[in-house]
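Here is a short briefing on one protein model. Look over the sequence and the structure first, then read the points below.

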Amino acid sequence: MSESIISANLVDKDNTARKADLERDYASLGERLDRRGIAIDAIRDKVEKFAVAIPSWGVGTGGTRFARFPGAGEPRDIFDKIEDCAVIRQLTQATPTVSLHIPWDKADPNRLKQAASRFGLGFDAMNSNTFSDAKDQALSYKFGSLSHADAGTRRQAVEHNLECIEIGKTLGSRALTVWIGDGSNFPGQVNFAKAFERYLDAMKEVYAGLPDGWKLFTEHKMYEPAFYSTVVQDWGTNYMIAKELGDKAFCLVDLGHHAPNVNIEMIVSRLIQFKKLGGFHFNDSKYGDDDLDAGSIDPYRLFLVFNELVDAELSSAEGFDPAHMLDQSHNVTDPIESLMLSAVEVQRAYAQALLVDRRALEVYQDGNDALMATQTLKAAYRTDVEPILAMARLKTGGAIDPVAAYRAAGYRAKVAAERPAVAGGSGGIV
Ligand SMILES: [Mn+2]
């Protein structure tokens, strides 16, 4: 039996006050879905099983190149971060795993494992960091890491990734996500082909270190920190990498890493079709890699991405088993509240996509009935599935209203008293 950070009595009390309304709403939605030939309990069962990982760095307040304004009670280290993640998990019951970033979260792996299992948490993908210099690091990544012109720097970056795998083995992780900031800021600064070749050679060494049953994820990003070119710029390059490396290599899709208006759901479909979709970094974007809360700007796009995922799930697409993680930067909200609501938004998109009448959609598509085809998607998207999500939380021991329960518990004020305030001011993404 794992420990709960928020008092179970308090959650029960908050749920009791909301339960009768929820049951009425659930019954009413159930009746309407019944008319559409959908069993509400079957949708709820699927939602209950849907999980999204929390990134350890997400529970700290983020920042921009202008400034970072720390919040109260920020986690001081990975053990505080694990506790914050345990709160998110307890109230949403949607986030059973934490994803670590090394070296930020470096600690004795056995201690980490113990700290997480105390709250029933597991570990998602390991994330390497060769986009910034760690303390006492011999060679700098200022001009790149896995694609660096200097062989010694590339070696150091490969070793770091292999170390992340080693730590992950003890933690029970099953994947490595390789983060790089490699690229260039000026035309002519690097030779595109040579840099990509050096990157691929280095990645082959990392790939060779993967244990059985592990996956390797690479993430494309069109700009930042390099603003003229990046080595893993787009999904095409990402696909080439996964294809070049082998069967354990897959592409991650971060919703913010595309040019505005790019059809991300189609990219998702392509990667599924060619068995290279590794998973997601969920967030939302207005202009670029804004790292805003999932579903906060364009919830319809999130739904359209899930429409592709559910289509693959229902057609049992070969090798389809994507990883879900949030990857956001919370600058003006309490990160725990943002992450709870973002996990719920991702679940919402999944639940709505499960409501799409796929048989009707296929008939409209084959009959070139564009209007009815798109209305079929809209009918699912317009359905308020909140009672399904809330009932899934209630049934699994979470909170009907996670933010209300969190605020009633006074968790932030409590940790603010225990965790000394950290200095703000300096910019930087976390
Ligand atoms: Mn990301």
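Met266 lies in helix α8. Helices here are DSSP runs of H or I with at least four residues, strands are runs of E with at least two, and both are numbered from the N terminus. Met266 has 13 C-beta neighbours inside 10 Å, so Met266 counts as partly exposed. A residue is buried if 20 or more other C-beta atoms lie within 10 Å of its own, exposed if 12 or fewer, and partly exposed in between, with C-beta atoms placed from the backbone. From Met266 to His148 the separation is 118 residues in sequence and 33 Å in space, C-alpha to C-alpha.

This is a predicted model, in which local features need pLDDT of at least 70, side-chain atom pairs count only at pLDDT 80 or more, and totals for chains, interfaces and linings use all residues. Residues are numbered from 1 along each chain as its sequence is written.

**Leu10 and its contacts**

- Leu10 is found in helix α1, which covers residues 8-35.
- Leu10 is partly exposed because it has 16 C-beta neighbours inside 10 Å.
- Leu10 touches Ala405, Ala408 and Ala409, leaving aside residues up to four places away in sequence. Contact means that the C-beta atoms of two residues, placed from the backbone, lie within 7 Å.
- Leu10 and Ala404 are 394 residues apart in sequence, and their C-alpha atoms are 11 Å apart in space.

**Two helices that pack**

- Two packed helices are described by the angle between their axes and the distance between the axes.
- Helix α2 (residues 40-49) packs with helix α13 (residues 386-395) at an angle of about 60°, and their axes are 9 Å apart. Axes are lines fitted to C-alpha atoms, for helices over the stretch in contact, and angles run from 0 to 180 degrees between N-to-C directions.
- Which residues of α2 and α13 meet? Ile40, Ile43, Arg44, Val47 and Glu48 in α2 meet Ile388, Leu389, Met391, Ala392 and Lys395 in α13.
- The residues of this contact of α2 with α13 divide into seven nonpolar, no polar and three charged. Ala, Val, Leu, Ile, Met, Phe, Trp, Tyr, Cys and Pro count as nonpolar, Asp, Glu, Lys and Arg as charged, and the others, Gly among them, as polar.

**Helix α12**

- Helix α12 (residues 370-381) has twelve residues. From its first C-alpha to its last, α12 reaches 17 Å, close to the 16 Å expected at 1.5 Å a residue. The expected span is 1.5 Å times one less than the number of residues.
- Thr376, Ala380 and Tyr381 are the buried residues of α12.
- Seen down the axis of α12, its buried residues fall within an arc of 135°, so they line one face of the helix. The arc is that of the directions from the helix axis to the C-beta atoms.
- Leu371 and Thr374 are exposed on the other side of α12.
- The buried residues of α12 pack against α9 (299-314), α10 (335-354) and α11 (358-366).

**Backbone exceptions**

- Most residues other than glycine have a negative phi, and most peptide bonds are trans.
- Ile102 and Pro103 are joined by a cis peptide bond, with omega about 15°. Pro103 lies in the loop between β2 (97-102) and α4 (109-118).
- Glu224 and Pro225 are also joined by a cis peptide bond, with omega about 5°.
- Gln93 has a positive phi, near 55°. Gln93 is buried, with 21 other C-beta atoms within 10 Å.
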